[in-house]
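This report goes through selected features of the model shown below. Please read it alongside the sequence and the coordinates.

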Amino acid sequence: MPTIAPSVDDAVAAIPDGAMVVVPRESSGVPMEATRALIRRGIKRLSLVALPTSTLQADMLIGAGCVETLETSAVSLGEFGPAPRFTAAILGKTIAMKDATCPALYASIQAAEKGVPFIPLRGLIGSDILAHRPDWRVIDNPFGNNDPIVLLPAIKPDFALFHAGMADRAGNVFIGRDRELLTMAHAAAHTVATVEKLYDGNLMDDPALSAGTVPGFYVDTIAVAPRGAWPLPLLDHYPADGGHLAEYARLAATPEGFARYLDSYVYAKRAA
Amino acid sequence: MLRASTSPSQGKVRVEFLPEELLADVIMRLIGDVRHVAVGNASPIPATAALTLRERGGGKPYVSLLGSRRHMFFTDGGRELFDCAGQGRIDVFFLSGGEIDGEGNINLVSIGDYDQPNVRFPGSFGSGYLYYVVPKVILFRVEHSRRTLVPKVSFISAPGGSAENVHRTGGPVALVTNRCLFAFDRARRRFRLESVHPGHTVAEVIENTGFDFDRPDAVPVTPAPSGDTLRLMREIVAPQLAEVYPQFAERVFGVKLAASAL
């Protein structure tokens with residue numbers, strides 16, 4: 001039975017240093033309150049899988065020194081420009097980067113979901129993405145004739161971590177159309193979700209809701225975090241906080257500015 | 001804000017338009033008559049083109065705007081875009097590059113040695129797959145310079161062409177920049193200058209392009225957007241764009257995100 005944690009800090013306590021954690025793209029429910037909690041706790045050596053891209057979340061975790069390995073297809077601040085701490089970490093070689101392409105990440109996570117060791121994917125042949133991925137292979141399609149195709153190993157995360165609109169007390173989490181969250185929960189050994197609010201009743205009792213629900217069976221821990229994606233958007237709930245993201249882009253351009261940002265918006269809560 | 005304009009010497013009605021509006025109009029013509037156009041990350045001008053075309057077509061083509069709730073019919077998560085493309089159900093997609101070379105190779109990763117780069121870009125996004133399987137990929141790069149249009153990219157996120165035996169149902173058809181429109185000849189893996197935008201010159205295009213390309217003796221001027229197209233973009237499409245590209249919609253069209261757009 002999933003636990004309803006008393007706070008977001010409590011909810012992420014189970015995620016240890018060195019864990020492989022999969023997190024979603026900006027439009028699918030990024031757990032920013034949980035991310036701030038992880039940084040406050042000083043989590044280290046994360047193997048972060050951003051499915052299939054990331055923005056503020058990966059940039060902050062990298063800047064705060066929480067990430068050892070990053071596997072994703074892109075990190076930027078979208079309309080607010082390059083992701084400064086990600087860029088600095090690559091240029092300064094302080095993280096190990098596994099460059100991918102979006103569908104390769106979806107496919108690798110789906111392989112874990114199915115419990116199979118690898119999955120084929122079109123594209124990639126002749127690219128330098130493939131050239132720099134010694135863990136990927138090219139085989140000749142065994143059902144074809146002179147048809148090379150790439151094989152990707154399954155990605156089996158220790159934790160899936162995301163934010164969604166609501167959950168019930170049985171631990172079922174409503175995700176609506178953001179079904180990659182379901183794939184993430186299926187693939188990961190454990191799932192921690194933060195939600196805007198608790199739902200009175202059981203989400204599985206309403207067919208309109210149950211079709212967009214991650215069953216509690218796959219979920220370990222839930223915490224309520226109103227505006228838990230802030231300053232990123234939670235679609236159907238609130239837009240991005242553009243003013244704040246512009247401030248982040250400005251401050252995070254330097255290590256000193258980034259440290260000031262963390263003091264103001266991440267560590268301040270611990271001191272309070 | 002400065003507004004470009006068509007040359008009065010062309011003898012047409014003077015229509016004022018922004019560079020972004022001209023590029024969106026060029027992209028609308030390149031999209032043509034298709035069933036499904038998908039628009040990826042960081043692509044506000046292609047999004048403007050696709051949504052305007054859909055308004056003009058009374059709902060055709062289908063438009064899938066990544067990051068949108070309203071302009072996106074997918075219900076199976078982020079993978080559906082790629083599964084759809086793999087089956088050939090997406091006709092047009094858009095890609096850019098920190099670098100693009102004369103063979104249509106695009107680089108979204110880094111400049112210099114991959115393990116010790118001088119410059120890092122965000123990453124390849126879906127290019128390492130979609131460039132292979134979407135029949136019409138329209139390249140766009142607003143900054144047309146020798147820094148962006150290079151003889152050879154440092155890193156191939158996705159190649160302009162592939163060996164005979166590699167599954168390749170898609171690839172580049174054109175490259176749109178702030179200065180001009182190039183068409184791409186897949187058989188020869190080479191760009192050809194199709195038209196130069198109003199206010200720009202062939203000499204300037206040659207000066208600012210790092211790769212060789214073909215060009216006819218007389219290069220036409222890119223036609224200006226029609227008043228009707230501009231009206232659709234500004235009045236109907238700009239508020240739609242604000243959902244996914246609030247900064248762009250405000251900067252270019254002066255439209256703020258309305259609470260009802262959520």
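Is Cys180(B) buried or exposed? Cys180(B) counts as buried, because its relative accessibility is 0%. The model is a predicted one.

**Cysteines**

| Cysteine | Relative accessible area | Class |
|---|---|---|
| Cys180(B) | 0% | buried |

**Helix α5 of chain A**

Helix α5(A) covers residues 102–114. Its 13 residues should span 18 Å at 1.5 Å a residue, and the end C-alpha atoms lie 19 Å apart, which agrees. Of these 13 residues, 11 are buried, so α5(A) is largely enclosed by the rest of the structure. The buried residues are Cys102(A), Pro103(A), Ala104(A), Leu105(A), Tyr106(A), Ala107(A), Ser108(A), Ile109(A), Gln110(A), Ala111(A) and Ala112(A). After the helix comes Gly115(A), which has a positive phi, near 75°.

**The sheet beside the helix**

α5(A) lies across β6 and β8 of chain A and runs at about 150° to β6(A). These two strands belong to an open sheet of three strands in chain A, ordered β6-β8-β7 and paired in the antiparallel sense. The edge strands, β6 (118–121) and β7 (137–140) of chain A, each pair on one side only. On average, neighbouring strands of this sheet are turned by 40° against each other, direction ignored.

Strand β8(A) comprises residues 148–153, and its antiparallel pairing with β7(A) extends over four bridges. Ile139(A) has Ile149(A), in β8(A), as its bridge partner.

**Interface between the chains**

How many residues of chain B are in contact with chain A? There are 46 such residues in chain B, and they touch 46 residues of chain A. The size of an interface is often given as the accessible area lost when the parts come together. Chain B and chain A bury about 3900 Å² between them, with 55% of it on carbon and sulfur atoms. On the chain B side, Arg69(B), Arg79(B) and Arg120(B) supply 20% of the area that chain B buries against chain A, more than any other three residues.

Notes:
Residues numbered from 1 in each chain as written. Chains lettered and ligands numbered in written order. Predicted model: local features only at pLDDT ≥ 70, side-chain atom pairs only at ≥ 80, totals over all residues. Heavy atoms only, no water. Pairing = 2+ DSSP bridges. Axes fitted to C-alpha atoms, helices over the stretch in contact; angles between N-to-C directions. Contact = heavy atoms within 4.5 Å. Buried < 20%, exposed > 50% of the residue type's maximum accessible area, 1.4 Å probe, protein only. Expected span 1.5 Å × (residues − 1). Buried area = accessible area lost by both parts, 1.4 Å probe.
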